[in-house]
Amino acid sequence: MLAKDAVIGTGCAVGGVLIVHRSMQLGNVPGSYAGPGLFPTLIGIALCICGILVLAPALRQKEKGEKFFSGPGERLRLVEVTGLVIFLIACAPKLGFILTSWIMMMAELCLRKNSLLRSAVTATILVAVVWGLFTKALRVPLPVGPWGW
């Protein structure tokens with residue numbers, strides 16, 4: 001069994017179950033098919049499916065002696081991503097979704113040794129797409145910063 005895949009698959013499946021369980025408790029909006037728990041429930045179900053798809057092949061393989069982290073670079077990447085997600089959660093209410101997400105994407109892309117110009121263009125496009133998807137298509141309010149965006 002591949003240790004990484006087993007841990008990640010199990011974590012995704014368990015996390016998906018917890019998300020579905022908690023989102024079912026959000027209730028429904030009268031007169032609407034889509035209550036506040038619809039999208040978290042769909043994400044939880046997708047997470048469960050992905051977790052099972054990662055876990056199943058890992059359980060069939062029988063590799064032994066594999067280390068969870070094969071080198072210090074993998075540990076550093078885990079700390080980087082975790083730190084950036086914490087930054088997003090902590091700063092989005094104060095700086096707004098657009099600026100905080102853009103800073104987070106720029107940091108991640110620059111840490112992956114992309115050029116500054118390519119990072120700026122990619123971060124701008126990704127943040128604009130996500131912002132448009134959530135605010136315009138799904139009508140989900142995102143945090144607005146002190147500048148009104």
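## The largest pocket

A pocket here is an open set of grid points where a 1.4 Å probe fits, with protein on both sides within 12 Å along at least five of seven lines. In this predicted model, the largest pocket holds about 150 Å³ of space.

Its lining consists of L88, A92, F97, V130, F134, V140, P141, L142 and P143. Helices α3 and α5 are the elements that each give two or more residues to that lining. By class, the lining has 9 nonpolar residues, no polar ones and no charged ones.

## Helix α4

Helix α4 covers residues 97–111, 15 residues in total. From first C-alpha to last, α4 reaches 21 Å, close to the 21 Å expected at 1.5 Å a residue. Just after α4, K113 takes a positive phi of about 65°.

The buried residues of α4 are F97, T100, S101, M104, M106, E108 and L109. Their cover includes α3 (72–95) and α5 (116–137). F97, one of these buried residues, also lines the largest pocket.

## T100

T100 sits in helix α4. How buried is T100, by relative accessible area? The value is 0%, so T100 counts as buried, the cut-off being under 20%.

The T100 side chain reaches the backbone oxygen of G96 at 2.8 Å. Beyond its neighbours within four places in sequence, T100 is in contact with F87, L88, C91, A92 and L95. Among these partners, L88 and A92 also belong to the pocket lining.

Note on methods:
Residues are numbered from 1 along each chain as its sequence is written. This is a predicted model: local features need pLDDT of at least 70, side-chain atom pairs count only at pLDDT 80 or more; totals for chains, interfaces and linings use all residues. Side-chain values use heavy atoms; hydrogens and water are left out. Helices (H or I, at least four residues) and strands (E, at least two) are DSSP runs, numbered from the N terminus. The expected span of a helix is 1.5 Å times one less than its number of residues. Buried means under 20% relative accessible area, exposed over 50%, partly exposed in between (1.4 Å probe, protein chains only). Contact means heavy atoms within 4.5 Å. A polar contact is a pair of N or O atoms within 3.5 Å; within protein, one must be able to donate a hydrogen and the other to accept it, and residues adjacent in sequence count only if both atoms are side-chain atoms. On a 1 Å grid over the protein atoms alone, a cavity is a set of points where a 1.4 Å probe fits but cannot get out, and a pocket is an open set with protein on both sides within 12 Å along at least five of seven lines; lining residues have an atom within 4 Å of a point. Grid points are joined across faces, edges and corners, and a volume is the space filled by probe spheres set on the points. Ala, Val, Leu, Ile, Met, Phe, Trp, Tyr, Cys and Pro count as nonpolar, Asp, Glu, Lys and Arg as charged, and the others, Gly among them, as polar.
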